[in-house]
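Subject: Structure handover

Hello,

Here is the structure we talked about passing on. Please load it before reading the notes.

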Amino acid sequence: MKPINRRHLLASLGVLGGSSIFSGCGQNLSGMDVGRARSEDGPTELPSPTSAPWSYQPIEPEAVGQTAYRIYPEGGCMYAVVGSVIGELADKVGDPFRSFPVEMMRYGDGGVGAWGSLCGIVNGGSALIGLFHREKSKETREELITDLCAWYETTSLPKFVPTEPGWFDEAEPSVAGSVLCHISTAEWCKATGFEAFCVEKKERCRRMAADGAMKIVDILNRKARDESCDFARLSPETKSCVDCHGPRDIQDAMGKMNCSTCHQFDKRHP
């Protein structure tokens, strides 16, 4: 696939000229008038967005990674992950991806508005899973999201190496240990000795966004090509925590994150 420059990408996403992403104000993603969901007698049922042709087609991970790295400065990690995938599909398929409001994904930068919560890479990747598997079961979506989160928690990142580094020539990797931006950054600072607001950290996150874009494409590609394919599961340690503290036993905790990153256990703990 030929390289996509910034103007081409933004044009594909419908943010240039007369194709403003907000030209459809009053319409939902299925192109149906939301206003029609309210009658004189009061609110009625909203139209289902599942009628829209937001169907995924396998795309090339490396091309998506390069695009994610290139557009990262325009909106951060979540924007880069979603924008690169949607942009590639807009180039390959056309509508409806040309009109996707990708700029809204800027909210995920810095762990949701710089709050250090869910990393935008995981947030954006999960949003794409929700978009392309909206008609599937909750279990299917959770299976794919688990694969993404387990990869993020346990993989030494970044691995991506840009052809032309934007901010710094190198980016030292580390294991995040959590899907939370705050912990991911802290673990990187601890492992590398760099500060959280340095240019080296910015380069690290920019490359991780490219890694995340390629990972979500890998997940979506595998599922599109083989409905029965296997995905990552919880680690035995985390599963034992979830089994004990989850809905079947003590019922005092909810989640699937790596427990030992935040919680300290003594030798008496099972």
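Predicted model: local features only at pLDDT ≥ 70, side-chain atom pairs only at ≥ 80, totals over all residues.

Residues are numbered from 1 along each chain as its sequence is written, and side-chain values use heavy atoms, with hydrogens and water left out.

Pockets. A pocket is an open set of points on a 1 Å grid over the protein atoms alone, where a 1.4 Å probe fits, with protein on both sides within 12 Å along at least five of seven lines; lining residues have an atom within 4 Å of a point. A volume is the space filled by probe spheres set on the points, which are joined across faces, edges and corners.

The largest pocket holds about 1,200 Å³ of space. Its lining has 38 residues, with Val 242, Met 254, Gly 255, Lys 256 and Met 257 nearest the centre. Two elements give two or more residues to this lining, helix 5 (138-154) and helix 8 (236-245), and helix 5 has the largest share, eight residues. Helices (H or I, at least four residues) and strands (E, at least two) are DSSP runs, numbered from the N terminus.

The second largest pocket holds about 550 Å³. Of its 24 lining residues, Gly 110, Cys 181, Thr 185, Lys 201 and Cys 205 lie nearest the centre. Helix 3 (76-92), helix 6 (181-192) and helix 7 (199-225) each give two or more residues to that lining.

Helix 6. Cys 181, Ile 183, Ser 184, Thr 185, Trp 188, Cys 189 and Thr 192 are buried in this helix (under 20% relative accessible area, 1.4 Å probe, protein chains only). Helix 5, strand 4 (174-175) and helix 7 are among what covers them. Just after helix 6, Gly 193 has a positive phi of about 85°.

Core. A nonpolar core is a set of buried Ala, Val, Leu, Ile, Met, Phe, Trp, Tyr and Cys residues joined through side-chain atoms within 4.5 Å. The largest one has 50 residues, and Val 85, Ile 86, Phe 100, Leu 128, Phe 132, Tyr 152 and Ile 216 touch the most other members. Helix 2 (61-71), helix 3, helix 4 (120-132), helix 5 and helix 7 each supply at least two of this core's residues. Beyond its neighbours within four places in sequence, Leu 128 is in contact with Val 81, Val 82, Val 85, Ile 86 and Ile 216 (contact means heavy atoms within 4.5 Å).

Regards
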